Amino acid sequence: MTETPEPPRFTGWDERPAGGLGSHRPGPSRTPRRPRSWRGWAALGVTGVMLAGAGSGWAVYAKLNSNIRTDSATEKELRKWESERPPAGPPNAVNVLLIGSDTRSGDNGRYGHDAGQRSDTTMLLHLAADRKSATAVSIPRDLMVEVPHCKRPDGTETAPLTTQFNGAFAVGGAACMIRTVEKLTGIRIDHYLIIDFVGFKKMVDAVDGVEICLPRPVHDPAAQLTLPAGRQTLHGEAALGFVRARKSLGNGSDTQRMQRQQDFLAALVKKVQSNGVLLNPTRLYPVLDAATSSLTTDAALASLKGLYELVRSTRSIPAGRVQFMTVPRREYRYDPNRDELVQPDAGRLFGQLHSDRPVTVKPPPDTGEKPVRTGTGAPAGRAGRAPSPSAGPDPSFPGTTAGHGVCG
C-alpha cells in the first residue's frame, strides 16, 4: 500500500528585485483594514466616476473624504520586505488587490460570532496601461499557497508555510495577503481596497438594487436568503445573501459561488454605467457616501482625490472589456477539499497581466461539475481541471464581462 505523501511546507522566500509599492511610480503606496473584495472594485469605480459630477461644496467633500479609512500599519510592514517584492510593471498599468472581509465585528455581528479578521473573497484587478480594459481575477479562498513570514496583530511572527489562501489575511492582515499574492503571481500590488458585509449592502442600495435571474426558487437559512424564481431586483440584504449563498444555489461549490459573485459584480458595474446614476445629482450623494464609507484602503487612495485620479482614466472602458475570471485551478493533490493552480495556464495568465499584455474571457462551458467543497465539511466531489486558455498571443480564459451581467 502506497503511503500518501505529506503536503510540502514552505521554508522561505524567493529573491525578487526591489521596486516601489506602486507599479506605475516609484515608492510604496499604503494601507487598509476591513471590507469585502468583488464589491470593492464596484465601490472604487463608482466613487471615482461620480466625482466628475460632484460639486456639493467643501463640507460635503470633507465629509465624504473623512469616510474612507486608512491602515498605515500595512505600508510600514510592506516596507520591511521591499527587497523580496516583485518589480514594478509597465508604466501606468495598475494592479489593485480587492479584499472582502468576513469580519463579524461592529455592525457585521448579526452574521455570526466575531473570530477576528477573515477574508472570504479576493480579486486581483488589473487596469491596462492604455485604460482600454480592466481584468478582475478571483483567487479561491481554499487555494493552497506559500504564505511567507507574517506579523500577527499581537506583534509576533508566523513561520512560512503552505496553507489555504484565506489564512494569510486571518493571520497577518492586508500586508500578509499582499505579500502572499505577490509571491503567487509575480505581480506587484500597487493599491488595495477592503470592504465588509455592511459596506456591500449600502453600495447595492445606493444604486437601487441589481437585477438577477433565477431558474428556480431559493431558500437558504444559512445565507438568510429566500427568493422566488425569475427575473428580480435584489437590494442590500438579499444581494448579500445571494453572493454569500453556497449550498442552495448551483451545485454547492465555491467555484460556482465565485462565478456568481463575478456575474453580480458585472451587473452592478453595468447598472452604474447605464442607469443615469452619474448624471443625476439627487442620486449622486448616496452613492458617494456609500462607496467612501465602505472602504479601507492604502493612503494613496484614501481620499476622494486619490480615488478619482485612479479611476478618471477608466471611465471610457466599455462594459464588454471589464472582465471577470478565476485563476486556473483544480483539486489539490493532497486534499480534495482544497485547490491548487493549474500550470502552465496560471503562469501564462499572470505573465500576461504582469507584462500588461491582452487577456480576454469567454463564457465557461457547462461542465456539469459535481459539488466540490465548501471548506465547512459539506460533501466533496471532483473539481476536475479548469478549461485551458486558448493558444496564441492573446489567450482567452473562461469568464464573463460587465456587458453580460447576471441575466445576459
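This is a predicted model: local features need pLDDT of at least 70, side-chain atom pairs count only at pLDDT 80 or more; totals for chains, interfaces and linings use all residues.
Reader: What makes up the protein chain, in helices and strands?

Author: The chain has ten helices and 17 strands. Of its 408 residues, 57% are buried. Among contacts between residues at least 6 apart in sequence, 76% join residues at least 24 apart.

Reader: Why are Cys150 and Cys176 called a disulfide?

Author: Their sulfur atoms are 2.0 Å apart. The cut-off for a disulfide is a pair of cysteine sulfur atoms within 2.5 Å, so the pair qualifies. A search of the whole structure finds one disulfide.

Reader: What makes the disulfide of Cys150 and Cys176 right-handed?

Author: The torsion about its S-S bond is about 85°, and therefore the disulfide is right-handed.

Reader: Which parts does the pair tie together?

Author: Cys150 sits in the loop between β5 (144-147) and β6 (161-164), while Cys176 belongs to helix α4, so the parts joined are 26 residues apart in sequence. Both cysteines are buried, that is, each has under 20% relative accessible area.

Reader: Where does helix α4 lie?

Author: Helix α4 (residues 167-185) lies across β2 (94-101), β3 (119-127) and β7, and runs at about 160° to β2. Helix α10 (residues 345-354) lies across β3, β4 (134-138), β13 (322-326) and β17 (396-401), at about 145° to β4.

Reader: Why are β1 and β16 called edge strands?

Author: The sheet is open and has nine strands, in the order β1-β12-β7-β2-β3-β4-β13-β17-β16, with mixed pairing. Strands β1 (69-70) and β16 (360-362) each pair on one side only, which is what makes them the edges.

Reader: How do you know that β7 and β12 pair?

Author: Strand β7 (residues 191-195) and strand β12 (residues 296-297) are joined over two bridges, in the antiparallel sense. Pairing requires at least two bridges, so these strands meet the requirement. In one of the bridges, Ile194 has Thr296 of β12 as its partner.

Reader: What joins β14 to β15?

Author: Four bridges join strand β14 (residues 329-332) to strand β15 (residues 335-341), and the two run antiparallel. With at least two bridges needed, they too count as paired. Arg329 stands opposite Leu341 in β15. The two strands form a hairpin, with two residues between them.

Reader: How do α6 and α7 pack?

Author: Helix α6 (residues 236-244) and helix α7 (residues 254-274) pack at an angle of about 140°, with axes 8 Å apart. From α6, Ala239, Phe242, Val243 and Arg244 meet Arg257, Arg260, Gln261 and Phe264 of α7. By class, this contact has four nonpolar, one polar and three charged residues. Arginine counts as charged, so Arg244, Arg257 and Arg260 are the charged members.

Reader: Which residues have the most contacts inside the largest nonpolar core?

Author: They are Phe242 and Phe264, in a core of 50 residues. Helix α7 gives the most to this core, with seven residues. Leaving out residues up to four places away in sequence, Phe242 touches Ile212, Leu214, Leu225, Leu234, Leu249, Arg260 and Phe264. Touching means heavy atoms within 4.5 Å.

Definitions and conventions
Residues are numbered from 1 along each chain as its sequence is written. Side-chain values use heavy atoms; hydrogens and water are left out. Axes are lines fitted to C-alpha atoms, for helices over the stretch in contact, and angles run from 0 to 180 degrees between N-to-C directions. Buried means under 20% relative accessible area, exposed over 50%, partly exposed in between (1.4 Å probe, protein chains only). A nonpolar core is a set of buried Ala, Val, Leu, Ile, Met, Phe, Trp, Tyr and Cys residues joined through side-chain atoms within 4.5 Å.
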